[in-house]
Amino acid sequence: MVYNIVLVGPPGVGKGTQGIRLKERYGIPIISTGDILRESVRIGSPLGKEAKSFMDKGALVPDEVVVDIVGERLKKKDCADGFILDGFPRTISQADALESLLEKQKKTITHVIIFDVSEEEVIRRLSGRRLCKKCGNAYHVIFNPPDNVGVCDKCGGQLYQRDDDNEETVLKRLKVYASQTSPLIEFYQDRGVLNKISGLGSIEEIFERITFVLEKRNDNSKDS
Ligand code: AP5
Ligand code: MG
Ligand code: ZN
């Protein structure tokens with residue numbers, strides 16, 4: 001079974017947290033447009049300079065920009081046996097572009113996982129989030145603290161707080177999600193690949209829910 005997965009959900013719901021675990025379980029790469037854009041901002045590339053003003057406001061970077069990034073990334077060899085898209089697509093136009101990109105490679109999205117959680121909960125999660133500078137692993141000062149304050153358990157990297165994790169920008173990101181990204185629910189429902197799961201509970205419980213969905217589908221496909 002090839003897993004071509006899309007993770008959809010509001011900011012702070014746990015896409016990155018679960019994505020890293022899925023990558024480890026299935027040995028397929030995770031492609032996070034947010035991580036790629038932040039890396040471009042960090043190194044000060046032309047892409048980073050263009051993206052920064054949108055990201056700081058909590059707005060979406062233009063569709064053409066992210067579609068190009070993902071198009072290039074999906075051509076790489078490591079995506080041949082599956083991939084996990086985290087935070088892409090985020091608009092109907094991106095979803096259409098993704099379909100045409102995949103069509104050229106004779107592929108389709110096999111599973112869209114959409115996480116459902118309340119606004120209060122994502123605000124709680126984002127206000128305490130810390131990320132590793134080196135490997136990107138996400139922590140939370142209360143819900144998922146590192147063994148040593150400010151230091152990544154996995155690689156010893158330094159932890160930092162994202163520029164867009166302040167209250168004003170988080171509220172803007174939530175609005176953008178509701179208006180521009182939530183129409184994807186219907187889009188993928190129509191294609192029969194949508195799986196809605198509750199994003200409430202421990203990181204392990206949510207991971208169980210996702211793998212249940214992914215592997216149950218696998219069994220069904222063997223029967224048919
Ligand atoms: P992006 O980086 O994708 O941000 P986002 O969608 O806002 O999502 P986050 O990364 O904030 O949250 P997450 O769901 O990954 O949560 P996490 O696992 O870290 O995008 C940033 C910006 O880039 C956008 O605003 C836009 O400008 C631009 N951009 C990116 N993609 C784009 C695109 N396709 N088109 C246009 N623009 C684009 O978890 C959050 C916290 O909760 C952590 O602290 C974690 O430890 C904790 N946590 C996780 N799970 C649990 C749990 N079960 N219980 C308790 N705590 C938990
Ligand atoms: Mg993320
Ligand atoms: Zn690390």
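**A walk through the model**

Visitor: How does Phe143 count in terms of accessibility?
Guide: Phe143 has a relative accessibility of 45% and counts as partly exposed (buried is under 20% relative accessible area, exposed over 50%, partly exposed in between, with a 1.4 Å probe and protein chains only). Phe143 sits in the loop between strand 6 and strand 7 (strands are DSSP runs of E, at least two residues; helices are runs of H or I, at least four; both are numbered from the N terminus).

Visitor: What should I know about the model itself?
Guide: It is a predicted model, in which local features need pLDDT of at least 70, side-chain atom pairs count only at pLDDT 80 or more, and totals for chains, interfaces and linings use all residues. Residues are numbered from 1 along each chain as written, chains are lettered from A and ligands numbered from 1 in written order, and side-chain values use heavy atoms, without hydrogens or water.

Visitor: Which residues coordinate the zinc ion (ligand 3)?
Guide: The SG atoms of Cys132, Cys135, Cys152 and Cys155 do, at 2.3 Å (donors are N, O and S atoms within 2.8 Å of the metal, or 3.2 Å for Na, K and Ca; water is not among the atoms, so sites may look incomplete). Along the chain, the donors of this zinc ion follow the spacing C-x2-C-x16-C-x2-C. Cys132 belongs to strand 5 (residues 129–132) and Cys155 to the loop between strand 6 (138–140) and strand 7 (159–160), so this pair ties together parts 23 residues apart in sequence.

Visitor: Are those two cysteines buried or exposed?
Guide: Cys132 is buried at 3% relative accessibility, whereas Cys155 is partly exposed at 28%.

Visitor: And what geometry does the zinc site have?
Guide: The site is tetrahedral, with angles of 99 to 116° among its 4 donor atoms (four donors count as such if all angles lie between 85 and 135 degrees).

Visitor: Changing topic, where is the cis peptide bond?
Guide: The bond from Phe88 to Pro89 is cis, with omega near -5°. Pro89 is in the loop between strand 3 (82–86) and helix 5 (92–104).

Visitor: What about the phi of Lys106?
Guide: Lys106 is not a glycine, yet its phi is positive, at about 55°. Most residues other than glycine have a negative phi, and most peptide bonds are trans. Lys106 is found in the loop between helix 5 and strand 4 (111–116), and at 78% relative accessibility Lys106 is exposed.

Definitions and conventions
Tetrahedral: all angles 85-135°; square planar, octahedral: opposite > 155°, others 65-115°.
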